[in-house]
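Trainee: I have a model open and would like to go through it with you, piece by piece. Can we start with whatever sits around the ligand and then move on?

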Amino acid sequence: MINRLKKLSPQFRKILKSSSSLANSLGINIYLVGGVVRDLLLRKSVLDLDIVVEGDAILFAKKLADALKSDFSRHHSFGTATINFNGHKIDFATARTEKYSHRGVLPKVSPATLAKDLLRRDFTINAMAISLNKKDYGKLIDLYNGLEDLRGGLIRILHPLSFHDDPTRILRAIRFEQRFSFKIETNTFKLLKEALSQGYLELVGPHRLRDEIIIILKENNPAKYVKRIKKLVGFSFIDKTIKLDKTTFQLFKKIEQAILYYKKRFKKHPKLDTWLLSLAAILIKLSSQQLKRVFHDFGFRKRERDVVCSIKEGINKIKKLEKDIKASNVYIMLKPYSFESIIFFYAYYQSKGLRKNIEYFLQSLVNLQLKIKGRDLKAINLKPETLYGKVLRKTFHSKIDKGLVSKAQELEEAKRIFKRH
Ligand code: ATP
């Protein structure tokens with residue numbers, strides 16, 4: 001694997017070398033593990049590193065961070081630590097075993113050897129390691145035939161109770177199956193279906209399910225994953241009434257196109273949380289009350305809830321944008337919404353009129369501001385001051401409709417509006 005390690009960025013290589021020397025001087029063993037090993041073997045790019053320490057990972061990471069003069073943070077309850085080295089993230093964990101007391105909850109962990117640590121993992125392709133120790137630096141450690149499964153394109157659990165212990169692995173199996181266009185191995189598939197028919201997924205804490213859903217919706221082409229979940233699992237684990245049909249998947253396509261359009265056309269506008277549009281596509285047919293329950297139970301963040309709920313509330317109102325309406329009304333209608341919501345509307349309605357209005361808003365209105373302020377009105381002695389807010393707002397709408405450009409034009413308009421009040 002030495003050649004594969006050479007493909008890592010110089011920063012990552014430096015960290016691995018420094019880790020190796022430190023482990024050697026401390027007399028402990030460390031290994032690169034999990035997704036990074038899989039991705040190196042698949043020649044995919046690697047963004048984060050996971051290192052397992054047969055010993056105290058927090059202490060090890062702290063010493064390394066001191067040596068490299070990098071940021072360090074510890075997560076005591078998990079026995080893990082993270083180093084940030086020039087924007088490169090490396091997670092360190094103590095090799096451990098896990099014991100599951102109840103299905104779906106986080107397990108009790110205790111320190112162990114690498115072999116046991118690898119055995120607790122989800123699938124064989126994610127249960128390989130690369131030695132970072134002086135004696136066999138770069139050697140692939142493949143105790144559970146991960147390489148064979150990687151070559152055969154198979155997602156295979158490590159023991160028959162795997163889905164019973166942690167049913168989120170059902171969603172993870174689908175995620176890796178779809179991401180790599182692999183197949184879920186026959187026996188794993190049988191056990192996955194059994195776990196589903198026993199209702200295991202419903203027993204998982206909603207926060208853990210939420211994290212898996214978010215990761216899935218952040219993948220490229222999320223519709224593919226959603227289709228597979230619909231077929232194998234269904235979405236009743238989110239809400240019993242969710243029904244995805246042809247129109248949902250057509251909407252996913254339109255969303256994908258709308259996102260591409262936004263990225264190409266509005267390079268200076270903020271980056272979208274595109275996964276929120278996919279979440280909205282899944283949830284859009286729920287009632288507002290059901291939506292609120294989902295966001296509450298699954299513990300989504302406030303902004304996530306706000307974006308999706310505002311799409312739900314706005315979707316019918318926004319239809320008015322199909323008509324030829326005053327420019328200031330386009331502003332008034334769209335300004336309250338996030339960029340994500342607006343792109344959702346763009347995708348949802350294909351009408352030329354509505355799209356033209358949204359395009360105009362994003363192009364010319366979204367960042368538009370008045371040049372005059374309250375103090376400019378004060379300077380010319382307009383009274384009473386209590387009207388300033390209203391007058392400035394109306395002046396702004398006139399600016400949009402009449403195309404006022406200069407500060408003088410705005411001030412003239414403000415004076416005119418003032419007189420009318
Ligand atoms: P990605 O490329 O999506 O980041 P990853 O394999 O790195 O994939 P993570 O969720 O970051 O996935 O997990 C890192 C590693 O931890 C996995 O490769 C796997 O070995 C292990 N792991 C993560 N979640 C579970 C789980 N629910 N059960 C068992 N092992 C898991």
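Predicted model: local features only at pLDDT ≥ 70, side-chain atom pairs only at ≥ 80, totals over all residues.

Trainee: Fine. How many residues surround the ligand, and which are the closest?

Mentor: The ligand is surrounded by 14 residues, and the closest of them are R38, D166, R169, R175 and R179.

Trainee: What kinds of residues make up that shell, by class?

Mentor: The shell around the ligand consists of 9 charged residues, 4 polar ones and 1 nonpolar one.

Trainee: And how far are the polar side-chain atoms of R175 and R179 from an oxygen atom of the ligand?

Mentor: For R175, a polar side-chain atom is 2.7 Å from an oxygen atom of the ligand, and for R179 the corresponding distance, again from a polar side-chain atom to a ligand oxygen atom, is 2.6 Å.

Trainee: What share of the ligand's exposed area does the protein bury?

Mentor: The ligand taken alone exposes 590 Å², and the protein buries 72% of that area.

Trainee: Which elements give two or more residues to the shell?

Mentor: Those are α3, which covers residues 35–41, and α8, which covers 168–179. The largest share comes from α8, with 6 residues in the shell around the ligand.

Trainee: Changing topic: how much space lies in the second largest pocket?

Mentor: The second largest pocket holds about 600 Å³ of space. It is lined by 27 residues, and those closest to its centre are P222, E256, I259, K263 and T274.

Trainee: Which element gives the most to that lining?

Mentor: With 9 residues, α12 gives the most to the lining of the second largest pocket. At least two lining residues each come from α11 (222–232), α12 (246–265) and α13 (274–283).

Trainee: And the classes there?

Mentor: The lining of the second largest pocket divides into 13 nonpolar, 9 charged and 5 polar residues.

Trainee: How many cavities of 30 Å³ or more turn up in a search of the whole structure?

Mentor: The search finds 1 cavity of 30 Å³ or more, and the largest cavity contains about 40 Å³ of space. Its lining is formed by I213, I216, L217, V226, I229, F235 and I282.

Trainee: Where do those lining residues come from, and what classes do they belong to?

Mentor: Two or more residues of the lining of the largest cavity come from each of α10 (206–217) and α11, and α10 gives the largest share, with 3 residues. By class, this lining has 7 nonpolar residues, with no polar and no charged ones.

Trainee: Now the aromatics: how many pairs does the structure hold?

Mentor: The structure holds 18 aromatic pairs. One of them is formed by Y262 and F339, which are tilted, with 6.1 Å from centre to centre and 55° between the planes.

Trainee: What does that pair tie together?

Mentor: Because Y262 lies in helix α12 and F339 in helix α17 (residues 339–348), the pair ties together parts that are 77 residues apart in sequence.

Trainee: Last topic, the backbone. Where is the cis peptide bond?

Mentor: The cis peptide bond joins K383 and P384, with omega at about 0°, and P384 lies in the loop between α19 (374–379) and α20 (388–402).

Trainee: And what is the phi of R43?

Mentor: R43 is not a glycine, yet its phi is positive, at about 55°. R43 sits in the loop between α3 and β2 (48–53). As background to both details, most residues other than glycine have a negative phi, and most peptide bonds are trans.

Conventions: Residues numbered from 1 in each chain as written. Heavy atoms only, no water. Near = heavy atom within 4 Å. Polar contact = N/O pair within 3.5 Å; in protein donor to acceptor, adjacent residues only side chain to side chain. Areas by Shrake-Rupley, 256 points an atom, 1.4 Å probe, with all protein chains shown as cover. Helix = DSSP H or I, 4+ residues; strand = E, 2+ residues; numbered from the N terminus. Nonpolar A, V, L, I, M, F, W, Y, C, P; charged D, E, K, R; others polar. 1 Å grid on protein atoms, 1.4 Å probe; cavity = no way out; pocket = protein on both sides within 12 Å on 5 of 7 lines; lining within 4 Å. Points joined across faces, edges and corners; volume = space filled by probe spheres on them. Phe/Tyr/Trp six-rings, centres within 6.5 Å; stacked < 30°, edge-to-face > 60°.
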